[in-house]
Amino acid sequence: MNADRLYDRSPRFVIELITAGCLVAAPFVLPYLGAAPNTVNRILVWGLFGIGFDILFGYTGLLSFGQSALYGTGGMVAAYLLTRAGFPHVVTALVIGMVAAAAVGYLVGLVALRRTGIYFAMITVAIAEVFYFVEFNPLSEFTGGENGLPGVPTPRFDLGFVKLDFSTGWSLYPFLAFCYFLGIVVALRIVRSPFGAVLRAIRDNPLRAAAVGHNVHGYKLAAFVIAAAYAGLAGGLLGVMQAFMPPDAFMFETSGQLVMQTAIGGRGTLFGPLVGASVWLFLQDFLQGTLGLGASWKLVLGIVFVLLVAFLRQGIIGGIRDLVRWLRHRAAPVQEVAAEEAAPIVPADRHVAPLPAHAVSHGAGGEPILRASGLTKRYGGLLANADIDFAVMQGEIRGIIGPNGAGKSTFFKMLTCEVAPTSGTIVFEGSDITGRSVTDVCQLGLTKSYQVNQLFNRLTVRENVTIAALAELRGKFRLDMLRSLLNVKGLQEQVERTLALVGLTARRDVPVAQLAYGEKRRLEIALALASSPALLLLDEPLAGMSPRERVETVGLLKSIALGRTMIIIDHDMDSLFELAGRITVLQEGRVLVEGTPEEIKSDAKVQEAYLGGVNEDLAA
Amino acid sequence: MSNSKHSPTRRDFMRLGLGAAGGLAASGGFIPRVFAADQPPIGTFPAGVSGSSVFIGIAVPRTGTYAVQGEDELKGWQLAVEHLNSGHPLMKQISPKTKKGVLGKEVKYGVADSAAKPNDAVQAEQRFITENKAVLMTGSTSSAVAVALNKLAQREKVLYVTGISGSNDTTGKDCVRYGFRQNFYGQTAAAAIGPVIVKAYGKNKKVAYLTPDYTYGHTVTKSCQDYLATAGWTTVTNQVAPLGAPDYSSYLLNVANSGADVLINVNWGHDAVLSTQQAQRFGILDKMKLVIPYQIPFLAPEVGNNLTAGVYAATDFWWTLEDKFPLAKMFVDEFRKKFGYNPEWGANNAYMSFAMWADAVENAGTFYPPDVIKSFEAGRKLQSTVGEVYIRKEDHQCVRPVIIVQGKKQAEMKNKEDFWNVLEIVPGEGLMQKPDAFGCKLGDYT
Amino acid sequence: MINWANFISQVFNGLALGALLALISSGLTIIYGTLGVLNLAHGAMFMLGGYAGFVAYQATGSYIVAVAAGALSLLVLGILMERVIIRHFYGRPHEDQLLVTFGLSICFVELVRFFFGSESRNVPPPGPLSGVVSLGFAIYPTYRVALMGIVAVALVVLFLVLYRTRLGMIVRAGIEDAVMVDSLGIDVYRVFMVVFGIGAMAAGFAGIVNAPVVSLTPEVGEAILVQTFVVVVIGGVGSFPGAVLGGLIAGEIISITSMINPGYAYVMLFAAMTLVLMLRPHGLLGTPGRE
């Protein structure tokens, strides 16, 4: 399962069938390899626990060291129901445990997800410790304290015509294998859905994911809850498997073990945790038993782990995949499309119908589509933008120029609401958007292409555009986890249209890393374009381009300007004068002058600003 | 897991014979069997005894907070297995029917590191059961592990004798038909040491407790409080510290300011060492008397600085008992010969547990678990390293004395292991609670 | 009905606990602030410093040598670790950095267990500092009082290095904007190496001077690590004054809570961290906008 590909090209259900086949074959094959049934059962439980964690970490990029809290919660709730509360049905108790864990996960996520990256990891560590403590002491009546809850029964089904009694060892295996299979099937659907696609976008570039219109926090919270649900179910199964729910399920070490197993097996593969658990448990038994290493088995494991993290980033599964790929290349060398030879843009793309821009809510005549009044931004003692009044009419192409340090990028950031102004207001299409979020603003129809490429680096060109288009078609948040990506209406159309507009149709399946610089810039624009914005901001679209690329890009910009409004910042004044109808000049955070390109060219103040007041005689 | 359909072999007749002989020889409540068919497969029987050896699964902490005590226990088991296989005279004193091995079979064992975690212990023992067909499980230093293994034993129908386990619950509300405990525990410790310290320090004293925050700690503290209340002792503070706390300063300051006369430290393992050392540094041991109601093996040497001088403690065994009991002398001598130091009570507990199991099996004449259990419950008196003992059938707890010791001053120590002076050997009968007082309900035999 | 003597002694004790936490946390915060790497092996380094000092003490019997050994060996280890391993992870996502330092912490702990076993080891306080001193409101171990002084001195030294030397200025600039420092032509990698070394040394130094207070086991760093996180979050990432303030606050929370209900001291610490996260996410003295 390749986490990097959104569009699953393998025949339908191949992975599911293979998994089912392996699970069915296991009890017949594994004993010959010396595997004890209880070990296999344990591996399944860890594998299930890890599926949810892999969705959280491998697919969404959130490294949580606190999964043990949810594992233990689900397990304790289920075990408590089955032992002290005398609840009769095992499966129902497991489901209740899972739901309880998901609910707790939601609450925990609200706290933990306020921060990202490393802060988030630290908070999850703290949460794991707190839960362990709470389980141990204040709630020990429910959890049995350090003794745990013994006497958890195994499932029994009376189907009328047959009685199924799963007790222990190989007898319990079918039940656990079935649970694991269900877990995998659901997980595969999730990662193949639009929801799953957005998760991956968040992993690669959360900033851009938000900027193209996705409610990043909502998705992260949903992923967290999913991971919690898997953890809770696995915890319940642990209790059933051992006939005993141990307190050490809550220990930080359990989280640590899960993280290590997933990294060893391969993150972002869904099966990584299963592989990692097999390696871990096998090594634990082998090193202690056969090699008689006693206590130092953990040292060996630690070293193996560090080496894997350093050299095999995608773990064992990733390593196998790379090996297979390498062998295939050796066998049949494929001509690689030369990355340097960027596909030229076909200039006559005017035949491609422009993407319909968002319907403008206010009449075309008279009212500007965007008006900023008194916009100011202060960073401590530094005044980046001071009292800017700025208005753009619908359909206009406006250029913004100014010497370095004029505050152009800051101005753009305020317009897209990436940064909140210190004072002033912004009105877009008649509504006040001051202080809103970049996601909301994008959904309203205002997007930006960035000066420094903000792409989803692990995805292909087509996948990048898909992410942006998904926000347009589904709104900023939707829990469509069980839907297939291929079933989103209008998605393919939108993606193809956008690609055609920027001339990247031929390169659609190339990963971003293999693109030429010019192509990346075009993709950058495509991302901003894919949501059919009414107002498109472009921050130095021509930066770093060769003369030929510039000409091509100017042609591109002209073609995409049809039916929408654009504001462009750039330093290439020749190109900008060609493109724009009006130019605004910023200097030192203020508007210096505004006018047509002709007026600006001959304006003395502008020349002084750029040249520092040299010879007036040189004015053209 | 085993094939019960086999034509009668020499083995079956031997079993028959032994069964009959055993039934005739043993005393009280023992149902004589005639047919092998009365012993259907259960647990690892008869698969685990079909060869020339039987297997014992040992899950003991070799890393973590209790590693030191774990290693000592392990040596006790190892010595016991060696003696069983060779038919050592010491073993024969405790289990008179032992000749060589157990019922003629060699005893083998496997060791796994439980790190005092119930989950790891259960995992390891499950492997021993499925792969090695273990007929006996043992191991614990933490009562949490003992309780977990109790439950596992009952579910898998494989016998379990505890290692060190001090909580009342192990033969209390968490007792099982398939589990047995040799050593002393919270209730008996409190009941034994209570009168001693009341006699030493007088009535109506103020007590401060340092309690580790888990059920072992809480039950021992409670047992102490209940007994001492009858002599008018009041609790001025009970400082509950989490397991593995590195720094007891906050708790000790509270204790120092509490005005207590006596400090009862219920902490165990490394926590006991640390809290005692820090108590001394806060000047508490100069102001109050320290009492250790449940002694920790190697506390005295680890704590250092002769901090245990004058301290009263209750323990399961101390090597100077060799002067009082001939079997103790044999045990201590053999242990020291093999391992180079005097055994602590964990090792003694381990040795005795195995010996009692061997005795039960020999008397049952079979490894069939329900029969072995009944043999344990028969109430036979055994000679042990601390005199005569027996297993109480209502809760599978061994009725045995508690040893009250007092720490020696540096000057009085005759050698570098002479930490404790044995003051009293309090008989067990009077110390134990009524069999059903802690809610013990033994389960089924099968 | 507060026992005033007890209250004052707990407040005092809180300062002692807090000072130590402040020292360890400063190391963590400057590493994270400058390199952007959260060193999950920080607790293990604290433990290693203690053991290095223990070995030196066994060899020489001198407390001073032990402290020097603890600090210097961790300086060397920190520099080595940065050069050999961490350096290769700068370009990699944060999560990989967390994973590798996590793995290293496990290796360190198990290595120590392999060589030293699991029993606790003792480093006694130096002669003149053992024993007790009467502070009026409480009897207190002399060494702990001295420890406060030692740690305070170490913090002052760290402060002087950070705020009064050129290296310190570069480090603080690097905390604010490492890219900029690089563009100015300063060898950022050398700075990183030095910072990692200093941060490790702070942890190792704390580990050995704390050894006479708590005895040494391989696990001694684990609890400290979590407390350090809490301090860094409360104080603000990358902020040295924040680490100090956060440390003192954390120390006080632990001791004062233990007066009311000893079991909950830990939980209160996390509750405080959660509160800070909800109300002032960048910490008390951190800069807003830092991740």
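Trainee: Which hand does the crossing of helix 9 of chain C and helix 10 of chain C have?

Mentor: The crossing is right-handed. Keep in mind that this is a predicted model.

Trainee: How is such a pair of helices described?

Mentor: Two packed helices are described by the angle between their axes and the distance between the axes. Here, helix 9 of chain C covers residues 220–235, and helix 10 of chain C covers residues 240–260. They pack at an angle of about 120°, with their axes 8 Å apart.

Trainee: Why is helix 9 of chain C called oblique to helix 10 of chain C?

Mentor: The reason is the angle of about 120°, which makes helix 9 of chain C oblique to helix 10 of chain C. Angles from 65 to 115 degrees would count as roughly perpendicular, and those over 145 as roughly antiparallel.

Trainee: Which residues make the contact?

Mentor: From helix 9 of chain C, they include C:Q227, C:V230, C:V231 and C:I234. From helix 10 of chain C, they include C:G242, C:L245, C:G246 and C:I249. By class, this contact has eight nonpolar, five polar and no charged residues.

Trainee: Now the chains. How many residues does the contact take from chain C and from chain A?

Mentor: It takes 29 residues from chain C and 30 residues from chain A.

Trainee: Which helix of chain C gives the most to the side that touches chain A?

Mentor: Helix 4 of chain C, with 15 residues. Helix 9 and helix 11 (265–279) of chain C also supply at least two residues each. That side of chain C has 20 nonpolar, four polar and five charged residues.

Trainee: What about domains? Which ones does the assignment give for chain A?

Mentor: Domain 1 is 48–270, domain 2 is 271–333, and domain 3 is 368–445 + 534–620. The centres of domain 1 and domain 2 of chain A, taken over C-alpha atoms, are separated by 24 Å. Their contact takes 16 residues from domain 1 of chain A and 17 residues from domain 2 of chain A. On the domain 1 side, seven are nonpolar, seven polar and two charged.

Trainee: How far apart are the C-alpha centres of domain 1 and domain 2 of chain B?

Mentor: They lie 31 Å apart. The contact takes 18 residues from domain 1 of chain B and 19 residues from domain 2 of chain B. Helix 2 (67–86) and helix 13 (345–364) of chain B each supply at least two residues of the domain 1 side. The largest share, three residues, comes from helix 2 of chain B.

Definitions and conventions: Residues numbered from 1 in each chain as written. Chains lettered and ligands numbered in written order. Predicted model: local features only at pLDDT ≥ 70, side-chain atom pairs only at ≥ 80, totals over all residues. Axes fitted to C-alpha atoms, helices over the stretch in contact; angles between N-to-C directions. Helix = DSSP H or I, 4+ residues; strand = E, 2+ residues; numbered from the N terminus. Parallel < 35°, antiparallel > 145°, perpendicular 65-115°, else oblique. Left-handed = near helix turned anticlockwise from the far one by under 90°. Contact = placed C-beta atoms within 7 Å. Nonpolar A, V, L, I, M, F, W, Y, C, P; charged D, E, K, R; others polar. Domains from an automatic or database assignment.
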